[in-house]
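Visitor: I would like a close look at one surface patch, and then at what surrounds it. Please give the cut-offs as you go.

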Amino acid sequence: MSELVTPFASDSSGTVIGEGGGILIVESKSSCDARNGMPWCTIDGIGCRQSFTDSPLEADPHAITSAVRRALVEANCDASAIDVIVPLGAGIPQLDDAEREGLAEVFGDNLPSIPTITTIPYTGNCMAGNGAIAICVAAKSIIEQKIPARLGGIKTEGIRAEKCAATEMPINKVLVLSPSEGGQCVAIILGRMGT
Amino acid sequence: MTRVVITGMGWITPLGNNLETVWKRICNSESAIATIDRFDASSFPTKFAGQVRDFDWKKFVNDASVHHEPAMNSQFALGAARQAWEQSGLGGYDALNLERAGIYLGAGEGVLDFSAHSMIDTHSWDVEDGKVDAVAWAKFASESLDEWGEVEQEPNMPLWHVAKEYGLQGPAFNCLTACAASTQAIGEAVSVLRAGDADVMLSGGTHTMLHALGITGFNRLTALSTFDGDPRKASKPFSKDRGGFVMGEGSGMLVLETLEHALARGATPLAEIVGFGSSADAYRITDLHPEGRGPAAAIRNALAQANIDPTTTIEGKPLVQYISAHGTSTQENDSIETKAIKLVFGDNAPNVPVSSIKSMMGHLIAAAGSVELITCVMSIQTGMLAPTINLDNPDPELDLDYVPNVARKAQVDCCLSNSFGFGGQNNTLVVKRYKA
């Protein structure tokens, strides 16, 4: 059952419904400092765009590209600063293709070298709760300087999302992407504290 | 701070389907509350509502075929958005950068596909076992459920329909904070514009809960009026004998843009949004805090953002000249909203007219806030205050000026619009006459 969802694999057969969500406390740095809080990471940039497709069920690579570019502008960094990407990775071929195409437009030939974290093979697709779960995982990865093991397919074309073990690595910036049914697409960049 | 103006507005409401008609009927103190005829409610405790009538969404879109079969909430949104878009002049403005034109709705869920689910349950019922046969249910459901019906249940679908109609590709959001949703949407759309993330935001709300389960649910919560008499008299905010709210439905949409963008393209600002405040009651799910702390905080926060002191006057006149109340006609809301207004405005409170158009069109739930904000703009533009009708038996405990029964001429330059939702969300907007 752990191989049911294989994001970005050529033989991916669809997603699995999950349920759940994540809650984060988002706080100004000054408030956190004043109470001696322990920040996990910074939110450096947010981009949000609407798809313009013939159906609400279609994903639009252009909207994904545009949302990511806007987040990069707000984060005041370029694509080369992104160490890890957390795509939706639903396992639905059409959505996966749109994400891959939209990301490739931003990251170019570097995309296959940037590790991804995919949560849906673990939890199923938690729909509205999915984005918050992805951000929690991304924040934890920054704290631990380690990406979790990936479930999924053996081979993924054009994006580094194949099955692998957990990997320690320097992580300063993570891009989290949430495209949705209905065409809304949000990109958020998290940063390591002090970088 | 970046100034944000309103350049277009649209109304699909139980009182009519365009600004002119609805405003005229409001100023004539007309009620749209009537017997429900969308389904057979004759045996329900509540048999009346504010129902949108004589509305054909296809008249408000360029090509109906691209929208498949929109749910009623999306139909209302398309109707109101068309009016706002045309009034703003963006319809003929080819230079609009669509990636800097966004959308933020406070849209409710689409109508759930009750008929299909009931039919599948009935067909798969195992009489001998006295329960649903899961195998038969799955087979029949996969053969008969309509995929578009399922998609249209999602509350973000009105957003897709409206974005598709106008090609809006900028920031796109939907919130569903119950009766406070569209006020929140507009407040946050203003923040998106101020942050520089867009030049134009189409914002507002749309909702219908006018179906058998919606009416029954609110009946079970004892929130709906069960008035036994002329339905037009059922919604009576601030009356001593108020007995709950009356369900309405519809949509209010506004085109918001930065003043710089509006002036650059030669648009006419209708009004300026100068403040937004939000708070949570952190109290009970369906009750406001008895001291009105949540609504008072939202009003205070909105006025603070607008840099308006509610306790001062200029030439004896309060700086806010009208409040569009949440005014649901429930005992609790109207009492606590009055208390909150008094807390914030102090000695000025009796001199600020407060009214509720829910007395005429019912409660449009997620769409209520945007529809009521438009009322404020219409007051500024026409110099008329909407009345609270059916206020023949005033509650002696509620002693503000509720503009009873008859619309009133007034010089209005600054208004508040309140929206409070089940779950404790409180949102307030401040809108002013535009001055260069």
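Guide: A patch here is built from residues that have over 30% relative accessible area and no salt bridge; like charges are joined within 9 Å, and nonpolar side chains (Val, Leu, Ile, Met, Phe, Trp, Tyr) within 5 Å. Accessible areas come from the Shrake-Rupley method with a 1.4 Å probe, and for residues only the protein chains shown count as cover. A salt bridge is a side-chain nitrogen of Lys or Arg within 4 Å of a carboxyl oxygen of Asp or Glu.

This is a predicted model, in which local features need pLDDT of at least 70 and side-chain atom pairs count only at pLDDT 80 or more, while totals for chains, interfaces and linings use all residues. Residues are numbered from 1 along each chain as its sequence is written, chains are lettered from A and ligands numbered from 1 in the order in which they are written, and side-chain values use heavy atoms, with hydrogens and water left out.

The patch is nonpolar and consists of Leu24(A), Val26(A), Ile43(A) and Ile46(A), which together have about 350 Å² of accessible area. Ile43(A) belongs to strand 1 (residues 42-50) of chain A; helices (H or I, at least four residues) and strands (E, at least two) are DSSP runs numbered from the N terminus. Ile43(A) counts as partly exposed because its relative accessibility is 46%. On this scale, buried means under 20% relative accessible area, exposed over 50%, and partly exposed in between (1.4 Å probe, protein chains only).

Two salt bridges of chain A come next. Glu27(A) is bridged to Arg35(A), with 2.7 Å between the closest N and O atoms. Glu27(A), at 28% relative accessibility, is partly exposed, and Arg35(A), at 51%, is exposed. In the other, Asp33(A) is bridged to Lys29(A), the closest N and O atoms being 2.8 Å apart. Both of these residues lie in helix 1 (residues 29-34) of chain A, four residues apart, which is about one turn of the helix. Asp33(A) is partly exposed at 39% relative accessibility, as is Lys29(A) at 48%.

Now chain A as a whole. It has five helices and six strands, following the pattern α-β-α-β-α-α-α-β-β-β-β along the sequence. Chain A has a radius of gyration of 16 Å, close to the 16 Å that the globule rule gives for 195 residues, so it is as compact as a globular protein of that length. The radius is taken over C-alpha atoms, and the globule rule is 2.2 Å times the number of residues to the power 0.38. Along its principal axes, the C-alpha trace of chain A spans about 50 × 35 × 35 Å. Of its 195 residues, 51% count as buried. The accessible surface of chain A is about 9100 Å², with 55% of that belonging to carbon and sulfur atoms. Among the contacts in chain A with a separation of 6 or more, 73% are between residues 24 or more positions apart; contact means heavy atoms within 4.5 Å.

Over all chains the structure holds 27 salt bridges. One of them, in chain B, joins Lys342(B) and Asp399(B), with the closest N and O atoms 2.6 Å apart. This pair links distant parts of the chain, 57 residues apart: Lys342(B) is in helix 11 (residues 331-345) of chain B, and Asp399(B) is in the loop between strand 15 (384-385) and strand 16 (408-409) of chain B. Arg70(A), Glu74(A) and Asp197(B) are joined into one network by salt bridges that share partners.

In chain B, an open sheet of ten strands has the order 7-4-8-9-1-10-18-17-13-14, with mixed pairing; strands pair if DSSP finds at least two bridges between them. Its edge strands, each pairing on one side only, are strand 7 (172-174) and strand 14 (354-355) of chain B. Strand 10 (residues 271-280) of chain B is largely enclosed by the rest of the structure, because eight of its ten residues are buried. Strand 10 of chain B is joined to strand 1 (residues 4-12) of chain B by three bridges, running antiparallel, and pairs with strand 18 (residues 425-432) of chain B over eight bridges, also in the antiparallel sense. Ile273(B) in strand 10 of chain B stands opposite Val4(B) and opposite Val431(B) in strand 18 of chain B.
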